[in-house]
Amino acid sequence: MALIPPFFLNCVVSIGLRPIQEPAKINWIGTGFIVGRPLEGVNNEKQFHTFLVTNKHVLLNQQSIVIRFDSTLGLDAKDYDINLIKGGVSIWTGHKSNNVDVAVINLNPAALQDDGGDLQFFQMDEHLLSVNQMRSEGVSEGDGVFILGFPMGIVAPQKKNVIARVGAIARIRDTLEGSESTFLIDANIFPGNSGGPVIIKPEMISIQETKSINKSFLIGIVKSYLPFMDTAISQLTGRPRVIFEENSGLALVESVDSIKETIEDCYQNLVLGQKIN
């Protein structure tokens, strides 16, 4: 019995950097995932425009990144380099708010599929649970979640098999009420998890007068863990000497609404650019 649809796992990709001194080497620094925006009126057949979704801070100040896709030909996974700067301008789109840590990149699925890359994606109209939908479905503190990603840069050499960890929603009422764009989860998040999808865990049982969610949905993207800061004070001088930082076990998650807004901005910019050209 699977609680996460297997293709959800295949929607996730690892993001890395090539050191200038060792371009053959890849340092895996973050996580991303693919989302498909449905297109309307295309020969009455459901089609999608695909985007790579991650955090702004994963892409910021980088000239290029590497993303890994599995092969549909039974071969080892293949790494693809993406130049983030074209004509002196960044090709990625960040959320309009400086406080929202979401970024998207337009993908060319034809080139990837022609090369044998295994492109799978979350469908924006079926697999994402918006804030309004979470409110109507009764999502609340204590509900289980899965966090998919590549913590500490743990990426298998032959495949991009993702790591799934379990957590729970710690605080979400501020988000459901519309006063915050993020919510808190109780989960072990580490460097490398940034940009990873957060999936709500399906539950068949619920307490009286509440709903049960019997399907997995994408509900957000990992932003960062919340650090616990402790300062060591010198007994001789009474002055602070060292600040220790530890993982509190709580992490911030940007909501699906912020993902949708960023994808829509990117898509509209692409359409506008095509009309101008």
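Arg173 counts as exposed, at 53% relative accessibility, the cut-off being over 50%. The model is predicted. Arg173 forms a salt bridge with Glu141, and their closest N and O atoms are 3.3 Å apart. This pair links distant parts of the chain. Glu141 lies in the loop between H4 and S11, and Arg173 in helix H5 (residues 173–176), 32 residues apart. Glu141 is partly exposed, with a relative accessible area of 24%.

The count of salt bridges comes to ten. One of them joins Glu126 to Lys46, with the closest N and O atoms 2.8 Å apart. Glu126 sits in the loop between strand S10 (122–123) and helix H4 (131–137), and Lys46 in the loop between strand S2 (27–39) and strand S3 (47–54), so the pair ties together parts that are 80 residues apart in sequence. Both residues are partly exposed: the relative accessible area is 40% for Glu126 and 43% for Lys46. Glu126 and Lys46 also belong to a network of salt bridges that includes Asp125.

Another salt bridge forms between Asp115 and Lys78, where the closest N and O atoms are 2.8 Å apart. Asp115 lies in the loop between helix H3 (109–114) and S10, while Lys78 lies in strand S5 (residues 78–83), so this pair ties together parts that are 37 residues apart in sequence. Asp115 is partly exposed, with a relative accessible area of 34%. Lys78 is partly exposed as well, at 40%.

The strands were examined next. Six strands form a closed barrel, in the order S11-S12-S13-S16-S15-S14, with antiparallel pairing. From one strand to the next, the twist averages 50°. Strand S11 (residues 144–149) pairs with strand S12 (residues 163–171) in the antiparallel sense, over six bridges. Val145 has Gly167 in S12 as its bridge partner.

Val145 is also in contact with Lys201. Lys201 lies in the loop between strand S14 (197–200) and strand S15 (217–233). Neighbours within four places in sequence aside, the contacts of Lys201 are Leu3, Gly144, Val145, Phe146 and Ile213. Leu3 and Lys201 are 198 residues apart along the chain, yet their C-alpha atoms are separated by 6.9 Å. Lys201 is partly exposed, with a relative accessible area of 24%.

Conventions:
Residues numbered from 1 in each chain as written. Predicted model: local features only at pLDDT ≥ 70, side-chain atom pairs only at ≥ 80, totals over all residues. Heavy atoms only, no water. Pairing = 2+ DSSP bridges. Helix = DSSP H or I, 4+ residues; strand = E, 2+ residues; numbered from the N terminus. Axes fitted to C-alpha atoms, helices over the stretch in contact; angles between N-to-C directions. Buried < 20%, exposed > 50% of the residue type's maximum accessible area, 1.4 Å probe, protein only. Contact = heavy atoms within 4.5 Å. Salt bridge = Lys/Arg side-chain N within 4 Å of Asp/Glu carboxyl O.
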